[in-house]
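Here is a short briefing on one protein chain. Look over the sequence and the fold before reading on.

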Amino acid sequence: MKFLVDQPLAGLAKWLRLCGLDAAVINFSARKDLPLPAPGTYLITRQAGFRHSQRDDLLVLAANDPEDQVAEVFRRLKLSHRDLAPLSRCGECNDLLVPVPREGALGLVPDHVYHTQAKFFQCPRCRRLYWPGSHPARIIAKIQEAINKKCS
């Protein structure tokens, strides 16, 4: 599943990436025509002008907050935790993260992180390093909250 997210919803795109979903940001308003439908690809916007479109692949969201938008996407597409691979993508670049040997992180992360973490992952595009510190637990909790919201 792939998402093309309107530029004003870049915060939503980042959350979709954190959920492990492929989410690219594009500028709908700069395009005379939306991208052609593609299997497994959804376009996401909040622009009211698209509300009357007859396209099944276009989601015009009502929610303002990115976390509420995630819940709305989950609800409308009937996504569950089985559809997600949390923290498997770079939140900035959207590329899949690759494991890095612990020694490969030496000098690239703060000393205390290197000495307290055993696993590291890196984005092959931007080279950003990730590790399972306190942020992932909070992100996973927010994702679970979005899944729970979609059910209510």
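Two strands count as paired when DSSP finds at least two bridges between them. On that basis, β1 pairs with strand β2 (residues 22–26) in the parallel sense, over five bridges. This is a predicted model. The protein has five helices and seven strands.

**Overall layout**

- Read from the N terminus, the order of elements is β-α-β-β-β-α-β-α-α-β-β-α.
- Along the principal axes, the C-alpha atoms fill a box of roughly 55 × 35 × 25 Å.
- The protein has 152 residues, and 42% of them are buried.
- Among contacts with a separation of 6 or more, 49% join residues 24 or more positions apart.

**Parallel strand pairing**

- Strands of a sheet pair through backbone hydrogen bonds, either parallel or antiparallel.
- β3 in turn runs parallel to strand β4 (residues 58–60), joined by three bridges.
- T45 has V60 of β4 as its bridge partner.

**Cover over β1 and β3**

- Four of the five residues of β1 are buried, so this strand is mostly covered.
- Strand β3 (residues 41–45) likewise has four of its five residues buried, so the rest of the structure largely encloses it.

**Antiparallel sheet**

- β5, β6 and β7 form an open sheet in the order β5-β6-β7, with antiparallel pairing.
- β5 (98–100) and β7 (129–130) are the edge strands; each has a single partner strand, so one side of each lacks a neighbour in the sheet.
- Three bridges link β5 to strand β6 (residues 120–122), and the two run antiparallel.
- V98 stands opposite Q122 in β6.

**Nonpolar cores**

- The largest nonpolar core holds 25 residues.
- Which of its residues touch the most other members? They are F3, V5, L12, L16, I44, V73 and F74.
- Elements that give two or more residues to this core are β1 (2–6), α1 (10–18), α2 (66–77) and α5 (134–151).
- A second, separate core has eight residues, including L4, I26, L43 and V60.
- Leaving out residues up to four places away in sequence, L12 touches V5, I44, L61, P66, Q69, V70 and V73.

**Surface and charge**

- The accessible surface comes to about 8,800 Å².
- Carbon and sulfur atoms account for 54% of that surface.
- The protein carries 22 positive and 15 negative charges.
- How far apart are the mean positions of the positive and negative charges? They are 1 Å apart.

**A closer look at G11**

- G11 lies in helix α1.
- Is G11 buried, partly exposed or exposed? Its relative accessible area is 35%. Buried means under 20% and exposed over 50%, so G11 is partly exposed.
- G11 and G91 are 80 residues apart in sequence. Their C-alpha atoms are 9.9 Å apart in space.

Notes
Residues numbered from 1 in each chain as written. Predicted model: local features only at pLDDT ≥ 70, side-chain atom pairs only at ≥ 80, totals over all residues. Heavy atoms only, no water. Buried < 20%, exposed > 50% of the residue type's maximum accessible area, 1.4 Å probe, protein only. Contact = heavy atoms within 4.5 Å. Areas by Shrake-Rupley, 256 points an atom, 1.4 Å probe, with all protein chains shown as cover. Lys, Arg positive; Asp, Glu negative; His and termini not counted. Charge placed at Lys NZ, Arg CZ, Asp CG, Glu CD. Core = buried A, V, L, I, M, F, W, Y, C linked by side-chain atoms within 4.5 Å.
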